[in-house]
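Okay, everyone, thanks for coming.

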Amino acid sequence: MALAGRAALRWGARLPSPGPAAAPLCRPAWLPAACGRPYSSRGKEEIDMSTYPVESIRNFSIIAHVDHGKSTLADRLLEITGTISKTDHNKQVLDKLQVERERGITVKAQSASLFYNHEGINYLLSLIDTPGHVDFSYEVSRSLSACQGVILVVDANEGIQAQTVANFYLAFEAQLSIIPVINKIDLKNADPERVEKQIEKLFDIPTDECIRISAKQGTNVEKVLQKVIEKIPPPQCNTADPLKALVFDSTFDHYRGVVANIALFGGEIAKGHKIVSAHTKKRYEVNEVGILTPNEQPTHKLYAGQVGYLIAGMKEVTEAQIGDTLFLYKQPVEPLPGFKSVKPMVFAGMYPVDQTEYNNLKSALERLTLNDSSVTVHRDSSLALGAGWRLGFLGLLHMEVFNQRLEQEYNMSVILTAPTVPYKAVLSSAKLIKEYGKDQITIINPAQFPDKLSVSEYLEPIVLGTIVTPHEYIGKIITLCQDRRAVQKDLLYIDENRVMLKYLFPLNEIVVDFYDALKSLSSGYASFDYEDAGYQSADLIKMDILLNGNPVEELATIIHKDKAYAAGKLLCEHLKETIPRQLFEIAIQAAIGKKIIARETLKPYRKNVVAKCYGGDITRRMKLLRRQAEGKRLMRKIGNVEVPRDAFIRVLKRETDK
Amino acid sequence: MAAARGWPRRLAAAAGALPGRGGPGRAPGPAPDTAAPATAALYVHWPYCRKRCSYCNFNTYVVPAVDEAAVRACLVREAQTLLRLSQVHSVTSVFFGGGTPSLASPGTVAAVLEAVAGAAHLPAGAEVTLEANPSSASASVLDGFRAAGVNRLSIGVQSLDDAELRMLGREHTAAEARKAVEAARGLFPGRTSIDLLFGLPGQSRDAWAQRLEATLRLCDDHISLYQLTLERGTALAAQVRAGALPAPPQDLLADMYHTARNVLGAAGFRHYEVSNFARKGALSTHNLSYWRAEQYIGVGPGAHGRFVLRAEGGCSREARVQTPEPVAWMREVQSQGHGTRSRAVLSPLEQLEELLTLGLRTDEGITHERWGHFSPQLNLQAVFGEPGEARALQQEGWLVLDSGGLRCTWAGLAVLDSLLPALLWQLQRVLGAARCPPRGAPAEERAGGGARGL
């Protein structure tokens, strides 16, 4: 699957990562120096933040479906407020990574404080650039909890898309003020009226509340700022209260450690203060506070209602977890609600293409996860692929972007196995319950799959998927969803020719190729987004792959019973194509327990000898044979069957790579 | 000059009593690279063709006119130079290949043979083979080559079906091929070989069985049967890839090969190498030199050689390749006596790898004696007799290691390329392990004069 280019983007989203980009070390070359992260303050004079009382503060986010113009609008807001100078180069100023600009997504959210005078009052407007994708719904919800309102951007041509819906509900549930903005009205096919009607129908927002803008040309952008001031309430908090600060993001800086992005829900904070993390209970002394403009600009203090950053000698991003609350030492407060530890939804094995690259990959992984604590890393090894890791991601986009960053920023080429999801088993066997110390276990590796006899129920993760599509594709999409064991929850015409569908999907049915299938059968017009919907009971089985009767450990899979036959057949066929013929017949079988459900037979070589080998042929012949002899070293032997590493790679890799 | 000229006549006179019958089949004496007396086979490449065949990727050139005098002079000069550098005492066989060497004049062949006889000993009765195309192999032409000293012919019949011959891009018909073979048999009785291809796109089992029968009615005592290899870059391979011609199925190819082995075996032919069959002892001495990993000198554009540069004080075998492009090759020969484009010293392991790869292609396999020449320290038993790949392959019936040496079984020969990687891997391992513990020992051995191997 091509990772570059927007076409490959799955849910078209902005992804957050709890750490920002590997910013200092990996600053892209094209960034103007001023956009980099200066290590010393840019302005010599520190801003006195006490001149911005709560009443003159607005904290907000921009949310949008991918490509609807979120970053362009942010660029204009930054220009209008003089935060950045107005030049032609301001394109996705807040998107600093190569992958962000290539794919039009925000991997690492950047925030910025804007100063804006409106009707004689100086306002402090903090744009909290949330990651928009629901792979990261938790992070989004934490970012949104630092806001009192959002700008909901919808493309005047494309209208409401799946991600618009998901984002809207996140903001709506957080009870934020919502300012609907219809962007790209300068486009030839723009139909803002239709979009206004969609917004009214779906979100119950009167059509006259929508602001029609062209972020690209700057049309009506000033009006958006005015609405932010008028419609979004100031934060409700008091500087006289004890310090209560929400960590909504964090970055790792190789020189200064963790830079935590914080929103003050009460009190004030300054250099020298002793603070405590409500989650880790660890104590720190504040070294520096400041605001983001969007570069770090130190200030004397930050006050209640304000948004900025803090550096306090934290060594790892896990010490500044998203959603954590910071308070003053000896002045504990009730932590802000909603804190959760990261829970990966999608797992994949990662192996170096060449084992000699193991250590390099290890250090690249370490550096990348310094900035993204949402990726879980467990050492793993495969007899076929060697030493590697099992990585847990928040979702598929997260996985892809992580992989792409590894390739682009660290020049590492890796083998990424097809993603799997965490299943659960409710144990009935007293022995197993005792062994695990609990009656419900999560199964990541098929090798841990407990036998049906000791289990009362298997559970699989499910998600609520939203699809927005032109109505002519609806039949095909419904068929696709049914094939994926999905259950329809809603079907709604958002205007005469666009439909929104909601389905409950087993997560494993969408992790490999669902989005590609959806895009191809809708000629690219359908959009898709999903959110976590818990677990449901499922008829799961473990399917083994046997070569001449010997199980191949790395090819065992956990799968729904209804899918086993088709999947087993496909896998056997695929293996038949990739395993080279040998001197004996090879039976390739898929089995559930002792029952064979699919079989392919790889016939032996009856003739395999080069016809001519005379004086002039030997050199070339030896070259090939030496390579084949060397290949013997890398063969994985299953019984007497030799399986080259390439065959494993081709079979274990994502289907879409075919 | 007179002495040299006399050589071919003597040879021709002795033709009836030539070594052929039983001679080349028996293992000749050791062919030590560095111990005297040094011997080598000599290959001469004639790079020109009138037309390129659709399946051929050899180093051949179709040019409007060949300056034969210049080419001849260069072949002669290069043969002299390389024989001198190798200090080969005796040339065991000469093979004129190509290209289409039957397009050269007999005078060129005679000149090269004279040069060889002048620079080294060329025993009376040494095998001198010429590759001939039916389109340039009339009785009179062949007679001229016989007079020049050629005593064995290899005729590129390729097929006895006109449609197949057209697909192969051959210039001759089946009838012309028959005529050429008959003429050759008259002039070189018992020493005429024919080349035949099988596994052509669209060829059926029955068609192949018929070709075999027709071949048996026509042939002399030596047949080379080659499965058509679709070489990259050839017109035929492109047609198959584009789907214009069907790719022959693997099972059909195996059937055809097995049929050929059975039919020729029943007709009294010994299947002495993967693609070569002979009866009445008419094995190709020259080609056996390759498969026995003996020294050979390659003369002419793109020719390969394997020999020790004794004149330079060398004691290790080199792999040498002459410059492929004829004009460039000639320039180099004219200026420095030879047109060697690349030379690489072969390590003892590399020599053993080649011996293994080549030797297992023959029915005699690799004898203990031959292995011992290259590996005096570790005998066949020590390398392949211990538990490992070779032992497993023996148990599975593909390979035999006994008092005769290491060789393929009847079934094993057909799948040799599936056996070799495992054997080479085992060889590398065993040699690597043997080299490490007693450090320095093999080096001393090598330095200790006369040792050819480890």
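pLDDT is the predictor's confidence in each residue, from 0 to 100, and the helices (H or I, at least four residues) and strands (E, at least two) are DSSP runs, numbered from the N terminus. Over residues 1-44 of chain A the pLDDT is below 50, yet beyond near neighbours in sequence this stretch has 156 contacts in the model, a contact being heavy atoms within 4.5 Å. Where pLDDT is low, the predicted coordinates should not be read in detail. For chain A, the mean pLDDT is 84, with 88% of its residues at 70 or more.

Quick housekeeping. This is a predicted model, where local features need pLDDT of at least 70, side-chain atom pairs count only at pLDDT 80 or more, and totals for chains, interfaces and linings use all residues. Residues are numbered from 1 along each chain as its sequence is written, chains are lettered from A and ligands numbered from 1 in the order in which they are written, and side-chain values use heavy atoms, with hydrogens and water left out.

Now, how many salt bridges does the structure hold over all chains? The count is 49, where a salt bridge is a side-chain nitrogen of Lys or Arg within 4 Å of a carboxyl oxygen of Asp or Glu.

One of them joins B:Asp255 to A:Arg606, with the closest N and O atoms 2.4 Å apart. That pair crosses between chains: B:Asp255 sits in helix 9 (residues 250-266) of chain B, and A:Arg606 in the loop between strand 31 (595-602) and helix 13 (618-633) of chain A. A:Arg606 is partly exposed, at 33% relative accessible area; buried means under 20%, exposed over 50%, and partly exposed in between (1.4 Å probe, protein chains only).

Within chain B, B:Glu318 and B:Arg320 also form a salt bridge, 3.1 Å from N to O, and both residues are buried. There's a network too: salt bridges with shared partners connect A:Lys603, A:Arg606, B:Arg205, B:Asp251 and B:Asp255.

Last stop, helix 6 (residues 221-231) of chain A. Buried there are A:Val221, A:Val224, A:Leu225, A:Val228 and A:Ile229. Down the axis of helix 6 of chain A, its buried residues fall within an arc of 140°, so they line one face of the helix. That arc is taken from the directions from the helix axis to the C-beta atoms.
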